[in-house]
Amino acid sequence: MREHSSATVAIRPVVLPRTSTGIWWGLLGVAAFSFTVPFTRVAVAGLSPLFIGSGRAVVAGVLAAAALALTRQRLPQPRVWVRLALVAGGVVVGFPLLTSYALTAVPAGHGAVVIALLPAATATAAVLRSRERPPAVFWVVMVLGSLAAVTFAFLQSGGFGHLHWADLLLLGAVVCAAVGYAEGGLLARELGSWQTIAWALVLALPLMLVLACFSAASHPPSATPVQWGAFAYLAVVSMFLGFFAWYRGLAIGPIPQVSQIQLLQPVMSICWAALLLGEVLSWATMIGALAVILCAGAAIRVRLKPAPASS
C-alpha cells in the first residue's frame with residue numbers, strides 16, 4: 001500500500017477551500033453587522049428607541065417563524081429553551097434596545113469604539129461558560145482593553161467623573177451581546193447555525209410584540225423613507241440574515257480563525273459612520289478604537305493559544 005501513500009496529498013487541498021469558505025461567510029456576517037450602529041443612528045432620528053429595538057425583533061421574529069415552519073424544524077428539547085432564553089435576552093432584547101437608546105445621545109463612531117469591546121467580552125463569556133482556565137495574561141489584556149474603552153468614554157464625555165449615561169448603556173449592550181454570542185455559539189452545534197437565532201427570535205416575539213405595540217400607541221411612528229429604510233435593514237439583515245452568514249461561518253470553521261474576523265467590525269462601523277453620516281474621524285476616536293481592538297485581539301489569541309504540554 002506504500003505506493004498509494006501519496007493519496008493523502010490529494011486530501012490537503014480540500015481543507016483550504018473549506019477553511020476559506022468559513023472565513024468568507026464570517027466576513028459576510030461581520031460586514032452585515034457593521035452597518036448596525038450607523039443605521040441605528042439614522043433610525044433614531046425619526047423613530048423612538050423602544051420602537052426600533054422591539055420592532056426590528058418583531059419583523060425578524062415573523063421571518064424566523066416562517067423559515068422554521070417552511071423547513072419543518074422540530075421543536076427544541078425543553079432543556080434547551082432556557083439556553084435559548086439567554087441568547088434571546090442577549091442579542092434579541094438587550095443589545096438592540098440598549099444601543100437604540102444610547103445612540104440617541106452619542107455619535108455612531110463613539111458607539112462603535114465602546115462596542116469594540118465585544119470580541120474580548122465574548123471570549124470572556126466563553127471562558128466563564130466553559131469553565132476554562134486561561135493564563136493570567138488573558139485577564140491582563142482584558143482589563144487593559146476595558147480601561148481603554150472606559151477611558152475613551154470618559155474623555156469624550158468631558159473628562160473623568162463625567163461618564164455619559166449612554167456609555168453605560170453601550171457597556172451593558174456589550175455584556176448582553178457577549179452572553180448571547182457565547183451561548184449561541186454552543187447551541188449552534190446542537191440546533192444548527194441559523195436555527196439557533198431563529199428559535200431565539202420566536203421565543204422573544206411575544207414580549208417584543210407587546211413592546212412594539214406599546215411604543216407605537218404612545219408615540220406613533222413618523223419617519224422619512226431613509227429612516228424607514230434604515231429600520232428595515234436593522235430588522236431584516238442585522239437581526240436575521242446577518243446571523244445566517246455569521247453562524248454559517250462559525251459552523252464551517254475553523255471557529256478560532258472565523259471568530260477573529262469580528263475584530264474588523266468596529267473599524268468598518270467607524271468608516272461607515274464617516275462615509276454615510278458625515279461624522280468626523282477624530283484622532284481620539286481612531287486611537288481609542290485601535291487600543292480596544294488590539295487588546296481584544298490579544299485576548300482572543302491568548303485564549304486560543306494551546307497550553308504547553310506537561311512533562
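A residue is buried when its relative accessible area is under 20%, exposed when over 50%, and partly exposed in between (1.4 Å probe, protein chains only). The model is predicted, so local features need pLDDT of at least 70 and side-chain atom pairs count only at pLDDT 80 or more, while totals for chains, interfaces and linings use all residues. Residues are numbered from 1 along each chain as its sequence is written, and side-chain values use heavy atoms, with hydrogens and water left out.

**Exercise 1. Decide whether Ser215 is buried or exposed, and list what it touches.**

Step 1. Ser215 is part of helix H9; helices (H or I, at least four residues) are DSSP runs, numbered from the N terminus.
Step 2. Its relative accessibility is 3%, so Ser215 is buried.
Step 3. A contact means heavy atoms within 4.5 Å. Leaving aside residues up to four places away in sequence, Ser215 touches Ser48, Leu50, Phe51 and Pro220.

**Exercise 2. Describe how H3 packs on H9.**

Step 1. The angle between H3 and H9 is about 135°, and their axes are 6 Å apart. Axes are lines fitted to C-alpha atoms, for helices over the stretch in contact, and angles run from 0 to 180 degrees between N-to-C directions.
Step 2. Angles under 35 degrees count as roughly parallel, over 145 as roughly antiparallel, 65 to 115 as roughly perpendicular, and the rest as oblique. H3 is therefore oblique to H9.
Step 3. By class, this contact of H3 with H9 has 21 nonpolar, five polar and no charged residues. Here Ala, Val, Leu, Ile, Met, Phe, Trp, Tyr, Cys and Pro count as nonpolar, Asp, Glu, Lys and Arg as charged, and the others, Gly among them, as polar.

**Exercise 3. Find where pLDDT is lowest and highest among the elements.**

Step 1. pLDDT is the predictor's confidence in each residue, from 0 to 100. The protein chain averages 81.
Step 2. Over residues 1-16 pLDDT stays under 50. Where pLDDT is low, the predicted coordinates should not be read in detail.

Note on methods: Helices (H or I, at least four residues) and strands (E, at least two) are DSSP runs, numbered from the N terminus.
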